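The chain is shown here.

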Amino acid sequence: MRIILPKPRGFCAGVDYAIGIVEQALKTFSEPVYILKEIVHNRTIVEDLNQRGAPSVMSIEEVPAGSVIIFSAHGVPPEFHEQARQAGLKVIDATCPLVRKVHLEAIRYASKGYTILYIGHEGHDEALGVIAESPGSIILINDIAEAEKLDLVSSEKLVYLTQTTLSLTETAKIVDVLKARFPHLEEPPSEDICYATTNRQMAVLEMTKMVDLVLVIGSKNSSNSQRLRECAQDLGKPAYLIDNKEEIDLAWLEGVESLGLTAGASAPERLVRQVIAHLKELSPGATVEEIEFVAEKMYFPLPKLAV
């Protein structure tokens, strides 16, 4: 078996930033420090941090007064900051800077009287945070069907923004529908789908042309990981999302001579290495070839945490 590893894969700058903040908090403050929901959408990372003294909680009310609470890479509704302070908590914000950019765009356009068409996934933590910036001005568009049915006054000031982890092709189709129906629709000042989402999808599309099967390492609630799986499936190749090596079904590998293996932006590289080792056990003599499709140099410096 030939195993193709695309670059880039795995952690993006925003995930490095968020996890780095948690690491820094664990060194700076007494344990535990609490994370609201999941710092990133990856089961392995969440479980690891929980064991190291950074448990995830589902609500601010669960955190004892005087403790540290960390808001995740996905961002939170603005009122959460005040709620946490009123509860006597020290707030550390690990929101990805590229997600924060969309929050600021939403605030700015809402203040100018725009109706904002936000393309995203209902219920996703990132979408919840952005929409909460100005719920009276933002309309969520989940898919093409909703874009086609949207009823708006044609004279309205309109702009669209997007979740950072969407499918490039599906989002483009939704935007095309919206522009056809509302020709005055304005674009965001720069692309909201982040560089990491774009680069990983482009790499998977190229890699998929070279293989019989694609495995994507990532958790089920990871939007960017799900989109990678869909990219491969859109090209007609079987593709599966797995959290770890234990989730590989041997039936998937029957007759497979070449396999593409990638990881979502919140999946650690150690999981990739574990899957490779497992595949080599299943297919002695398997070779591994890493191909760089896009070079990445993005980095977000960590903030200094005040005691």
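Leaving aside neighbours within four places in sequence, histidine 103 is in contact with Gly75, Val76, Gly129, Val130 and Glu133, where contact means heavy atoms within 4.5 Å. The model is predicted: local features need pLDDT of at least 70, side-chain atom pairs count only at pLDDT 80 or more, and totals for chains, interfaces and linings use all residues. Residues are numbered from 1 along each chain as its sequence is written, and side-chain values use heavy atoms, with hydrogens and water left out.

Histidine 103 has its place in helix α4; helices (H or I, at least four residues) and strands (E, at least two) are DSSP runs, numbered from the N terminus. Histidine 103 counts as buried because its relative accessibility is 6%. The cut-offs are under 20% relative accessible area for buried and over 50% for exposed, with partly exposed in between (1.4 Å probe, protein chains only). Alanine 180, in helix α7 (residues 168-181), counts as exposed because its relative accessibility is 63%.

## The four-stranded sheet

In what order do the four strands of the open sheet run? The order is β3-β2-β4-β5, with parallel pairing; two strands pair if DSSP finds at least two bridges between them. At the edges are β3 (56-57) and β5 (90-93), each of which pairs on one side only. Two bridges in the parallel sense link β2 (residues 34-36) to β3, and isoleucine 35 has serine 56 in β3 as its bridge partner.

Helix α1 packs on this sheet, touching β2, β4 and β5, and its direction makes about 150° with that of β5. Axes are lines fitted to C-alpha atoms, for helices over the stretch in contact, and angles run from 0 to 180 degrees between N-to-C directions.

## The five-stranded sheet

Another open sheet has five strands in the order β10-β9-β11-β1-β12, and the pairing is parallel. The edge positions belong to β10 (239-242) and β12 (287-292); each has a single partner strand, so one side of each is left without a neighbour in the sheet. From one strand to the next the twist averages 25°. Strand β1 (residues 2-7) pairs with β12 over six bridges in the parallel sense, and isoleucine 4 has glutamate 289 in β12 as its bridge partner.

Helix α8 packs on the sheet and touches β1, β9 (213-217) and β11 (258-263), its direction making about 155° with that of β1. Helix α9 lies across β9, β10 and β11 and runs at about 165° to β10.

## Strand β8

Strand β8 (residues 158-162) has five of its five residues buried, so it is largely enclosed by the rest of the structure. Leu158, Tyr160 and Thr162 point one way from β8, and Val159 and Leu161 point the other way. Five bridges in the parallel sense join β8 to β6 (residues 115-119), and isoleucine 119 stands opposite threonine 162.

## Nonpolar cores

A nonpolar core is a set of buried Ala, Val, Leu, Ile, Met, Phe, Trp, Tyr and Cys residues joined through side-chain atoms within 4.5 Å. The largest has 31 residues, of which Val22, Val33, Ile39, Ile70 and Ile92 touch the most other members. At least two residues of this core come from each of α1 (13-28), α2 (43-51), β4 (68-71) and α8 (195-208). Helix α1 gives the most, with nine residues.

A second, separate core of 20 residues includes Ile3, Ile242, Leu259 and Ala263.

Not counting residues up to four places away in sequence, valine 33 touches Ala25, Leu26, Gly53, Ala54, Pro55, Val68 and Ile70.

## Cavity and pocket

On a 1 Å grid over the protein atoms alone, a cavity is a set of points where a 1.4 Å probe fits but cannot get out, and a pocket is an open set with protein on both sides within 12 Å along at least five of seven lines; lining residues have an atom within 4 Å of a point. Grid points are joined across faces, edges and corners, and a volume is the space filled by probe spheres set on the points.

The structure holds one cavity of 30 Å³ or more. The largest cavity contains about 280 Å³ of space. Its lining has 24 residues, of which Cys12, Val15, His74, Thr165 and Asn224 lie nearest its centre. Helix α8 gives the most to this lining, with three residues.

The largest pocket has a volume of about 150 Å³. Its lining residues include Phe11, Cys12, Asp16, Tyr195 and Glu296, and α1 gives the most to that lining, with three residues.
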